[in-house]
Amino acid sequence: MHSFHFRPGKNAVLALGMAALALLCGWLWWSDGAWLALGGLLLFGAGFAKAAHNAMSSEPALRLEPRKLTVRTTFGREEVQWRDVQSVSLEALTYYMYGFIPMGRVEILCIAVNGGLTGTKRLRVSCSTIDLPSGGSAGLLLIVQGAHLAAVGEAGVVMAGAGPRGWGVESARPAPSDETPGSGFDPDAAIARYLAAKQATGESQQPAPQSRLNPAIQRPTFGRRTA
C-alpha cells in the first residue's frame, strides 16, 4: 500500500498567496465596485480555504490499496475500485499572465474512472502539493500505473482503456434492403421488377428500323426498252 500526503509547507505558502490575492481583489471591489474584482475575491478565497485545509490535513491525498484507490477531492474523498479505472496519465497546466506571458507550470495526475454524465469521470491530484517519490511526478505515474496493473492484470488494463463503450467507433446501421427479415419482402414483386427491367433493356438494345427509300427516286429497270 502506498500513501502520498500533502506537503504542509508548500500548501501553507500557497494559502498565504491566495489570501493576499483575495484581500487585493476585495479592496478593489470595495473601492471601485468592479464585478471582476468580486469574482477574483470569491475565486482566491476558495483557493485559500482549499490550500489551508490541505496544509493542516493529516489524511493522504492519494492512497493505493490492492483492490482500490482513494483520492482526496475538493469536497471530500472518493474511493474507486481498480476495475473501474480506465487510464492513468500525467497532464501539464501552464499559467499565463494577460493570456500570453507564462507564469508557471503545474503537473497534475489524472485518473479516469467510470462514471459521470459521459461515462468517464476524471480525478485530479496536483503533483506540486503532495510528497513525491524518487523520480518526481514521472515516478508517481509509474507507481500508480504499476498498482493498476497488479490489481487487474495486463488484459484488464487494456480492456479498461477502451472505456465503457469499447474500442473503436460504432458501425453505421445498414440501410434496410429487400432481403432484410421483417421488411415486407415480396418475391413475386421482385420477379416482376426484374422481368420489366430486362424487357426494357432488351428493347433499348434492338437496332432501329431502316427508313424507307424516297419514292421520288426512280428505281432501275431491267429488260427490253420500249419507246
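Cys110, at 2% relative accessibility, counts as buried, a word that here means under 20% relative accessible area, with exposed meaning over 50% and partly exposed in between (1.4 Å probe, protein chains only).

| Residue | Relative accessibility | Class |
|---|---|---|
| Cys110 | 2% | buried |
| Cys127 | 3% | buried |

A search of the whole structure finds zero disulfides, a disulfide being a pair of cysteine sulfur atoms within 2.5 Å.

This is a predicted model, in which local features need pLDDT of at least 70, side-chain atom pairs count only at pLDDT 80 or more, and totals for chains, interfaces and linings use all residues. Residues are numbered from 1 along each chain as its sequence is written, and side-chain values use heavy atoms, with hydrogens and water left out.

Four strands form an open, antiparallel sheet in the order β1-β2-β3-β4, where strands are DSSP runs (E, at least two residues), numbered from the N terminus, and two strands pair if DSSP finds at least two bridges between them. The edge strands, β1 (2–5) and β4 (76–81), each pair on one side only. Between β3 (residues 68–73) and the antiparallel β4 there are six bridges, and the partner of Thr70 in β4 is Glu79.

As for confidence, pLDDT is the predictor's confidence in each residue, from 0 to 100. The mean pLDDT of the protein chain is 77, and 72% of its residues reach 70 or more. Among the elements of the chain, β2 has the highest mean pLDDT (91), whereas helix α4 (residues 187–205; a helix is a DSSP run of H or I, at least four residues) has the lowest (68).
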